[in-house]
Amino acid sequence: MSAGRRRVSRRVPRSATLIAGCVLAGLVLAVAVVSFFWLPYAPDDTTGGRLMPPGLPHLLGTDKLGRDLLTQLMIGARVALEAGAGAVLIGGLVGLAGGLAAGFATRWLDDTLSALLDILIAFPTVLLAMLVTAAREASLGSAIIAIGLAMSAIVARLTRVLVKRVLAQDFITASRTSGTSWPRVVVEHVLPNIWPTLSVNLALQFGLAVLAEASLSYLGLGAPPPNASWGRMLQEAQASVFIAPAGVIAPGVLLVVLVVGVNLIADGVRDVADPTRRRTR
Amino acid sequence: MTLLTVTGLHVRSAEGRDLVSDVSFTLGAGERLGLIGESGSGKSMTALAIMGLAPPGMTVSGGVVFDAPGLGRTDVVTAGERRLTSLRGRATSTVFQEPLTALDPLMRVGRQVAEPLRRRRGLRGRALHAAVRAALEEVRLADPDRIARAYPHEISGGQRQRVAIAMALACDPALLIADEPTTALDVTVQAEVLTLLDGLVEERGMALLFISHDLAVVSRIAERVIVLKNGVAVESGSVGEVVNAPRHPYTRELVGSARRLDGALEWRTS
Ligand SMILES: Nc1ncnc2c1ncn2[C@@H]1O[C@H](COP(=O)(O)OP(=O)(O)OP(=O)(O)O)[C@@H](O)[C@H]1O
Ligand SMILES: [Mg+2]
């Protein structure tokens, strides 16, 4: 009954890790949201003087071109979240579709799909990003597509295993014997049963995608200026790390805060998404 | 009236092993047939093949013809998936051996029982809620409201099996297939569930295909029995005939061990 499902949200169990994760990730999200409405300086404003130390009027100082670091950091938060969300959306949808297909496939088709996934997983993300960039241009969109596609292979392989495990269970056969069609079996039983594990993995993948975007930007395969990315900030500040450490510390710390926060959320989601793991009722 | 006619049913695995060979029987409306045999003899496979649910890769041949009232004649072996989906539930439904795995662990019990009621009888909202309650009460579950809100891991094995029976009956099938429904339960609960099943099938005039490896259990609930060994039906007849005058050595062994167990029990209780 629908009433039974709805009750879940009302008694979501409290999970310390989930709360801690939401606080950390929420911090970055808040910074990103503020960046849409207010920035200390224009992103391409170079009037601040080069490599100014933290203080006033530039709270975190400036970079080697004289741009305000706080401004770049705030835009970077936006870019990091967009990268994570975009990649998880692409990777999740493509991976889920592929994984479901492979999960239902039997014999030679299953073998073929599995081999294909193994090859895709072995394919380096950086190489994929270079190919996508060559086909389109160096942009955040290209980076998201590359990261999302690389992620989809991992998600698909996990989904395949999870689907096979669920399909082997008696309750699927029981549901089929009472005349439930395949599409309904997928919606009613397969997806809910793979979701607890899959959602945890997607949350982890979000963190990895944020790191991957930073790496690609570091290599010049991400968003071009003035769309500051934490990865490119790190790369630009690297040469002057001893004169102006804030340029490295600030994006580094936020990167860690976001990824740790997302991983804690992943842990917390595990406890909330699976009723058989809940202690309290 | 004949509900189910199975002729020369054959199931061959992907590797070419014969799991069920040349099994034939008929089942009339309201009749009760027991299918007995040791573990791995092909009992479950026979049941799955009857519903057109043999695992992918298996080859099923022979005839499995349903002639359920209002559903027309269907040959399960040759029918398409759409036809089979509409046949399942109305013509047959199943209670499985292991009640924990036969219920979706992530779905509240009430919702699982509601599903066939919604689909088969088109019930919604309050009427559906009442029907779920009634279905749970019918299988003698005390406190049906609590059970309906619980997840399968939050209720006992016996309660789970009653829920599974409620789900199977909610479809109101012409034939109920019970695949070792009491094997996973302890002896007292076993007797209760058996009595319950007996009564409910009787009340509704359903036909019953009862699968077990336990001759004593089958002889309590079935009228006729088929003995399966390595996928071959080695003996069939009324329960009385098979128990009193077993012809095949394997059946004699089964009857013998059932009697020895009975004897031991009588000796202990006297
Ligand atoms: N998916 C499958 N693929 C291949 N062989 C299978 C499969 N399922 C069952 N078998 C084989 O089919 C044979 C019959 O199995 P079945 O499950 O029908 O036995 P059973 O009589 O129901 O036994 P039990 O009393 O243990 O439930 C066994 O030898 C088994 O190994
Ligand atoms: Mg079996």
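How many cavities of 30 Å³ or more does the count come to? The count comes to five. Before I describe them, a word on conventions. This is a predicted model, in which local features need pLDDT of at least 70 and side-chain atom pairs count only at pLDDT 80 or more, while totals for chains, interfaces and linings use all residues. Residues are numbered from 1 along each chain as its sequence is written, chains are lettered from A and ligands numbered from 1 in the order in which they are written, and side-chain values use heavy atoms, with hydrogens and water left out.

Let me define the spaces. Rolling a probe the size of a water molecule over the atoms shows where empty space is left. On a 1 Å grid over the protein atoms alone, a cavity is a set of points where a 1.4 Å probe fits but cannot get out, whereas a pocket is an open set with protein on both sides within 12 Å along at least five of seven lines; lining residues have an atom within 4 Å of a point. Grid points are joined across faces, edges and corners, and a volume is the space filled by probe spheres set on the points.

The largest cavity has a volume of about 110 Å³. Its lining comprises 15 residues, and those nearest the centre are A:Ala174, B:Thr94, B:Ala164, B:Met167 and B:Ala168. At least two lining residues each come from H7 of chain A and from strand S6 (92-95) and helix H6 (157-170) of chain B; helices (H or I, at least four residues) and strands (E, at least two) are DSSP runs, numbered from the N terminus. By class, this lining has ten nonpolar, five polar and no charged residues. Here Ala, Val, Leu, Ile, Met, Phe, Trp, Tyr, Cys and Pro count as nonpolar, Asp, Glu, Lys and Arg as charged, and the others, Gly among them, as polar.

The largest pocket has a volume of about 820 Å³. It is lined by 30 residues, with A:Trp182, B:Leu53, B:Ala54, B:Pro55 and B:Pro56 nearest its centre. Two or more lining residues come from each of helix H3 (69-104), helix H6 (140-167) and helix H7 (170-177) of chain A, and from helix H1 (43-50) and helix H2 (81-87) of chain B. Of these, H7(A) gives the most, with four residues. The classes are 19 nonpolar, six polar and five charged residues.

The second largest pocket holds about 470 Å³ of space. Among its 18 lining residues, B:Gln190, B:Asp214, B:Ala216, B:Val217 and B:Leu261 are the closest to the centre. Which helix gives the most to this lining? That is H10(B), with eight residues.

Next, the ligand. Ligand 1 has 13 residues around it, the nearest being B:Ser39, B:Gly40, B:Lys43, B:Ser44 and B:Glu180; a residue is near a molecule if one of its heavy atoms lies within 4 Å of it. Oxygen atoms of ligand 1 lie 3.0 Å from a polar backbone atom of B:Gly42, 2.8 Å from a polar side-chain atom of B:Lys43 and 2.7 Å from a polar side-chain atom of B:Glu180. The protein covers 65% of the 640 Å² of accessible area that ligand 1 has on its own, by the Shrake-Rupley method with a 1.4 Å probe. H1(B) supplies the largest share of the shell, three residues. The shell divides into four nonpolar, five polar and four charged residues.

Finally, the annotations. An unreviewed UniProt entry places "domain: ABC transporter" at residues 4-255 of chain B; such annotations may be inferred rather than shown by experiment. That span is 40% helix and 27% strand, and its end C-alpha atoms lie 28 Å apart. For chain A, UniProt (unreviewed entry) places "transmembrane region" at several spans, including 140-159 and 202-221. Residues 140-159 of chain A are 100% helix, with end C-alpha atoms 27 Å apart, whereas residues 202-221 of chain A are 85% helix, with ends 23 Å apart. Chain A has ten helices and zero strands.

Note on methods. Polar contact = N/O pair within 3.5 Å; in protein donor to acceptor, adjacent residues only side chain to side chain.
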